[in-house]
Amino acid sequence: MEDLLGSILNKMTKPPSLDEQQRKATRKQAENLIERQNEERALLRNFQKKMQTKIADFMLDNALEKVTLPPMNRIQRSIIHEIAETAGLSAFSFGEEDIDRHVVVYKKEFTPCQEELSAYRRGLEWKPKLVEEESTPEVDQLPSSKSESAAVAHYSTKYDRLFGNEQVKEATKVTQINRKYGFVSSENKKDQRSIEQTLDDIRAKKRQKKDVTN
């Protein structure tokens with residue numbers, strides 16, 4: 001009886017050791033990881049095919065200049081950039097990571113300039129007219145008639161009490177701007193002769209020199 005019981009116990013399977021249990025768990029984890037990786041690869045391949053079709057349709061549509069894609073992760077965006085580069089398109093990412101980071105694909109002839117890209121990356125609206133106005137250099141202009149009148153009035157008020165009203169009026173007449181000939185009026189010029197008078201004086205001086213030398 002004892003021999004029979006002993007033989008039965010010896011034939012029973014022994015419980016697995018701790019090392020064997022760990023090896024089985026490790027193998028199971030590795031199998032699960034490979035399975036998940038295969039699933040992710042399949043999803044990415046499907047995503048790539050879908051985006052290739054979408055971008056191909058975009059290229060055939062002559063009415064579109066760009067296509068804005070929905071937010072996606074970094075790996076998906078890298079696939080979009082690779083497809084766009086292969087197709088001869090321009091692609092740029094905008095938005096904040098893990099929130100609204102997305103890709104905009106442009107046809108080559110409609111690629112935005114650096115100022116436009118900079119505005120989009122800051123989350124601003126692109127206004128080319130405003131940029132042109134800011135980049136246009138300022139041109140010096142003559143003061144308007146209103147500003148001239150205000151300056152003359154201020155001058156008159158300031159010096160009226162010092163020199164008298166009549167003298168101030170005469171001074172303001174002389175110092176007003178002559179727009180036709182420049183900022184210096186003819187009354188302020190030292191030589192007030194006409195051109196004909198000046199030429200006559202020059203000829204007279206030449207004749208005097210010839211008479212002296214003779």
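User: In what order do the three strands form the open sheet, and is the pairing parallel or antiparallel?

Analyst: Two strands are said to pair if DSSP finds at least two bridges between them, and strands (E, at least two residues) and helices (H or I, at least four residues) are DSSP runs numbered from the N terminus. In this predicted model the three strands form an open sheet in the order β1-β3-β2, and the pairing is antiparallel. The edge strands are β1 (66-68) and β2 (90-94), each of which pairs on one side only. Neighbouring strands of this sheet are turned by 20° against each other on average, direction ignored, where axes are lines fitted to C-alpha atoms, for helices over the stretch in contact, and angles run from 0 to 180 degrees between N-to-C directions.

User: What should I keep in mind about numbering and confidence in a predicted model?

Analyst: Residues are numbered from 1 along each chain as its sequence is written, and side-chain values use heavy atoms, with hydrogens and water left out. Since the model is predicted, local features need pLDDT of at least 70 and side-chain atom pairs count only at pLDDT 80 or more, while totals for chains, interfaces and linings use all residues.

User: Over how many bridges does β3 pair with β2, and over how many with β1?

Analyst: Strand β3 (residues 102-106) pairs with β2 in the antiparallel sense over five bridges, and S93 has V103 as its bridge partner in β3. With β1, strand β3 pairs in the antiparallel sense over three bridges, and here T68 stands opposite V104.

User: Which way do the side chains of β3 point, and are they buried or exposed?

Analyst: In a regular strand the side chains alternate between the two faces of the sheet. In β3, H102, V104 and Y106 point one way and V103 and V105 the other way, and all are buried, a word that stands for under 20% relative accessible area, with exposed meaning over 50% and partly exposed lying in between (1.4 Å probe, protein chains only). Because five of its five residues are buried, β3 is largely enclosed by the rest of the structure. For the chain as a whole, 14% of the 214 residues count as buried.

User: Which helices lie against the strands, and at what angles do they run?

Analyst: Contact is read here as heavy atoms within 4.5 Å. Helix α3 (residues 74-87) packs on the sheet, touching β2 and β3, and its direction makes about 10° with that of β3. Helix α4 (residues 114-121) lies across β2 and β3 and runs at about 30° to β2.

User: Which residues touch the most other members of the largest nonpolar core?

Analyst: A nonpolar core is a set of buried Ala, Val, Leu, Ile, Met, Phe, Trp, Tyr and Cys residues joined through side-chain atoms within 4.5 Å. The largest one has 15 residues, of which F47, M51, L69, I80, L89, V103 and V105 touch the most other members. At least two residues of this core come from each of α2 (18-60), α3 and β3. Not counting residues up to four places away in sequence, F47 touches M72, Q76, I79 and I80. A second, separate core of five residues includes F92, F94, V104 and Y106.

User: How many aromatic pairs does a search of the whole structure find?

Analyst: Rings of Phe, Tyr and Trp (its six-membered ring) pair if their centres lie within 6.5 Å, and planes under 30 degrees apart count as stacked, over 60 as edge-to-face and the rest as tilted. The search finds two such pairs. The rings of F92 and Y106 have their centres 6.0 Å apart and their planes at 65°, so this pair is edge-to-face. F92 lies in strand β2 and Y106 in strand β3, so the pair ties together parts that are 14 residues apart in sequence. F92 is buried at a relative accessible area of 17%, and Y106 is buried at 4%. F94 and Y120 form an edge-to-face pair as well, 5.8 Å centre to centre with 80° between the planes. This second pair links distant parts of the chain, F94 in strand β2 and Y120 in helix α4, 26 residues apart. F94 is buried at 5% relative accessibility, whereas Y120 is partly exposed at 24%.

User: Which side chain does S90 join through a polar contact?

Analyst: A polar contact is a pair of N or O atoms within 3.5 Å; within protein, one must be able to donate a hydrogen and the other to accept it, and residues adjacent in sequence count only if both atoms are side-chain atoms. S90, which lies in strand β2, is joined to T111 by a side-chain polar contact of 2.9 Å, and S90 counts as buried at 8% relative accessibility.
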